Amino acid sequence: MTQHIFTYDCTLRDGEQCEGISLSLDDKLRIVERLDAFGIDFIEGGFPASNPKDIEFFRRVKEMPLDHARIAAFGSTCKKGTPADQDQGLADLVECGAPVVTIVGKTWDAQVTRALQTTLKENLRMIADSVAYLKAHGLTVVFDAEHFFDGYKANPDYALACIRAASEAGADSIDLCETNGGALPFEVEEIVGVVARALPDQQLGIHCHDDSGCAVANALSAVRAGALQVQGTVGGIGERVGNTDLLTAIADMELKMGLHCVGPDNLRDLTRTAQFVAETCNLSVPAHHPYTGASAFAHKGGLHASAIARFPEAYEHTNPRNVGNATRMLVSELAGKASLAAKAKSLGIDLSGDARTLQAILDDVKTREAHGYSYEVADGSLAVLIRRHLGLYEPHFRLESFRVIVDDREDTGALAKDAASEATVKIHVGNRRIVATGEGTGPVGALDAALRMAITEYLPQVANMELTDYKVRILDEEGAGTSATTRVIITTSDKRGSWGTVGVSENIIEASWNALVDSIEYGLIRAEG
Ligand SMILES: CC(=O)SCCNC(=O)CCNC(=O)[C@H](O)C(C)(C)COP(=O)(O)OP(=O)(O)OC[C@H]1O[C@@H](n2cnc3c(N)ncnc32)[C@H](O)[C@@H]1OP(=O)(O)O
Ligand SMILES: CC(=O)C(=O)O
């Protein structure tokens, strides 16, 4: 039978220790719901002794019907000189009602004498007493052996004595913590191996930080050496540079190590789970993130795309569908005919049998990129360009002229707050000529407003499109000054998704207009199906 590795998520505790992350109570409860549905075994919800939000979290989470996950509350061993049954932190853990409690305890001698400022003997008492007290309350107890790897390197006998004390007091799992994140995989594998031989009947787990860039690798090394529980956070967020990215570790264990964590069906929800948690934390999944990033299976090199079309495994370490992600072909100056054919197919255009047109479009793309265009994210402009080459492009409207006024009405030098720009467009739709004026805080907003005002009556689908992002880049041209080339990338969204368009000119307004026209034209092509 496939070995199950317990997954223990600490996003709501260690993840919240990440600089810049602050989750509301509702955020935390929504993440619990999502991770439960994904099949995570344990979800560490917070530190009841720390703050009222976490106390309320444990009250509320008890009312949630969870299918799979068990909720863990986090705390520490009792205070020095305090019996466990008189320790407020431990009482808070019992009181919060979580079925699992995880307590962190010192296992590095110098941390005991210098940080806790107590004796090695007293620390052993604190560990044993605290675990025994929580077990006596019928709880599942995880002992987080803080700084275990540094502790083992400094004083192996003492580090082992600490976890032996936790084990003998009844800890259900001893999770060895690579707290400072500086260890390397071969060290972790060796030390976990020693512990597994010293405590053969004790379940071990692993909790790693990423300070040497090895948190996921260290967790996998620990599993190879006998750890049965992996702690981590979604996206690897956590104290300092973060923790093991639990989702990456899960994918590695399932797909590369033949182990069971959430199972292949749930694994296909990996990317959406990463996106959900990132959004809830007000982050986005970094594009280049393993497995779940938008670029994780994106191919830019023409040689790669050509090989992938014949043999998908050529440049993909796993099938992206296994983790709910997808192959993407990027068209740029580094593309070849195969990349372009694959991209066109994803845009609904079959160019596979037409090598001459493919080459002509590719040459056009490369010439335009040399002049500042960039089609990698401008799939809308690429679709319009391909249609022009195929003679399929019939513009929905035609510009006669536009004029933009930027109105600086205040003496302070700052622009007036409302409607500081005004644009007038003269547009032809069929045989109608429309003159319309729009206002906006900036010139592009005003142009967008004027164009919409002119055409929406005749092309009502435009009302469903929204300009959601606008990026300007001045392309390096030494000495060009104000006549340097400007590239504008616009992102537009409708109910079904979003697309990018590009415009290039020495004039920023003209570059913006070109990107704007492509964005509306491609939106209309999409709407027509
Ligand atoms: C490695 C980790 O990530 S562990 C988790 C770390 N996370 C957090 O600290 C977030 C939540 N923390 C908090 O809200 C607060 O720090 C609290 C409520 C836990 C404690 O706050 P305070 O009582 O004001 O103490 P403070 O944070 O200043 O100092 C920590 C105290 O805990 C003691 N302590 C630290 N670790 C342990 C331990 N494993 N066992 C027992 N006592 C410990 C320290 O010695 C110190 O006690 P002292 O001041 O009596 O010497
Ligand atoms: C417990 C924990 O977060 C650590 O030791 O890193």
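Two residues are in contact if their C-beta atoms, placed from the backbone, lie within 7 Å. The structure examined here is a predicted model, in which local features need pLDDT of at least 70 and side-chain atom pairs count only at pLDDT 80 or more, while totals for chains, interfaces and linings use all residues. Residues are numbered from 1 along each chain as its sequence is written, and chains are lettered from A and ligands numbered from 1 in the order in which they are written.

Leaving aside residues up to four places away in sequence, His68 touches Asp36 and Gly39. His68 has 14 C-beta neighbours inside 10 Å and so counts as partly exposed (buried means 20 or more other C-beta atoms within 10 Å of a residue's own, exposed 12 or fewer, partly exposed in between, with C-beta atoms placed from the backbone).

Next comes a sheet. Strands S14, S15 and S16 form an open, antiparallel sheet in that order, where two strands pair if DSSP finds at least two bridges between them. Strands S14 (466-474) and S16 (497-505) each have a single partner strand, so one side of each lacks a neighbour in the sheet. Strand S15 (residues 486-494) pairs with S16 over nine bridges, and Val488 has Gly503 of S16 as its bridge partner.

Key:
Helix = DSSP H or I, 4+ residues; strand = E, 2+ residues; numbered from the N terminus.
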